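Please read it with the model open.

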Amino acid sequence: MQWDIGETFEPQAAAATTEREIMPVGRHTMVIKHAEEGPNDYKRSDENPDGMCLKLRLSDREGRFKFVFDDLPQAKSLAWRASQLAAAIGVIPVGETLSLKPDELIGQTVEVEISHYTSKAGKVSAVVKRYVERRDATQKPVAKPRSIAAKVTASLDDDVVPF
């Protein structure tokens, strides 16, 4: 492919890019735009000497704010973070192992609580405080019984008198 630009060619100024604001603190519905597995030097520990993480890039649905990056370390002591993510996308672990594949996460919608973090250099970033468990429209939260009597009563049919 060829272009004849002639002698009158003058490069055009680059389009001005607008800096997006960071995601505000609070609860937001976001989309996983990118997911990959890889090392993160800041996530190294005795449990995770290579710093292996599931690296996520989250965006609000309209793309109004900066991406929120979240690296979930592959460490047993932090497995609760992966469990939160799984519950937020509706994945139920099989047995004692939770498997989350990056390809299957891209495009998933999650509800998250966002907080702000200020680095030592003074830069403020939005971070995922927690992933909110997905609830089906038909699923109703059930209060946990507080006593043994309440547990027994809760397991009985509504028309049974417990005495």
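## Charge pairs

The side chains of Glu113 and Arg130 form a salt bridge, with N and O 2.9 Å apart. A salt bridge here is a side-chain nitrogen of Lys or Arg within 4 Å of a carboxyl oxygen of Asp or Glu. This pair links distant parts of the chain: Glu113 lies in strand β4 (residues 109-118) and Arg130 in strand β5 (residues 124-132), 17 residues apart. Helices (H or I, at least four residues) and strands (E, at least two) are DSSP runs, numbered from the N terminus.

The model is predicted: local features need pLDDT of at least 70, side-chain atom pairs count only at pLDDT 80 or more, and totals for chains, interfaces and linings use all residues. Residues are numbered from 1 along each chain as its sequence is written, and side-chain values use heavy atoms, with hydrogens and water left out.

The structure holds 7 salt bridges. Three of them are set out here.

| Pair | N to O distance |
|---|---|
| Glu113 and Arg130 | 2.9 Å |
| Arg81 and Asp70 | 2.7 Å |
| Glu62 and Arg64 | 3.3 Å |

Buried means under 20% relative accessible area, exposed over 50%, and partly exposed in between (1.4 Å probe, protein chains only).

Glu62 is exposed at 54% relative accessible area. Arg64 is exposed too, at 51%. Glu113 is partly exposed at 22%, and Arg130 is partly exposed at 30%. Asp60, Glu62 and Arg64 are linked in a network of salt bridges.

## Core and sheet

The largest nonpolar core has 22 residues. Such a core is a set of buried Ala, Val, Leu, Ile, Met, Phe, Trp, Tyr and Cys residues joined through side-chain atoms within 4.5 Å. Leu56, Leu58, Leu85, Leu105, Val110 and Tyr131 touch the most other members. Two or more residues come from each of β1 (26-39), β2 (52-60), β3, α1, β4 and β5. The largest share, 4 residues, is from α1.

Which residues does Leu85 contact, leaving aside its neighbours within four places in sequence? They are Ile32, Leu54, Leu56, Leu72, Leu100, Leu105, Val110 and Tyr131. Contact means heavy atoms within 4.5 Å.

In α1, Arg81, Gln84, Leu85, Ala86, Ala88 and Ile89 are buried. The buried residues of α1 pack against β1, β2, β3, α2 (102-105), β4 and β5. Gly90 follows α1 and has a positive phi, near 85 degrees.

Strands pair if DSSP finds at least two bridges between them. β1 and β2 run antiparallel, joined by 9 bridges. Val31 has Ser59 in β2 as its bridge partner. β2 and β3 also run antiparallel, with 6 bridges. Leu54 stands opposite Leu72 in β3.

## Open space

The largest pocket holds about 730 Å³ of space. On a 1 Å grid over the protein atoms alone, a pocket is an open set of points where a 1.4 Å probe fits, with protein on both sides within 12 Å along at least five of seven lines; lining residues have an atom within 4 Å of a point. Of its 22 lining residues, Phe69, Tyr117, Ser125, Ala126 and Val127 are the closest to the centre. β3, α1 and β5 each give two or more residues to the lining.

Conventions: Grid points are joined across faces, edges and corners, and a volume is the space filled by probe spheres set on the points.
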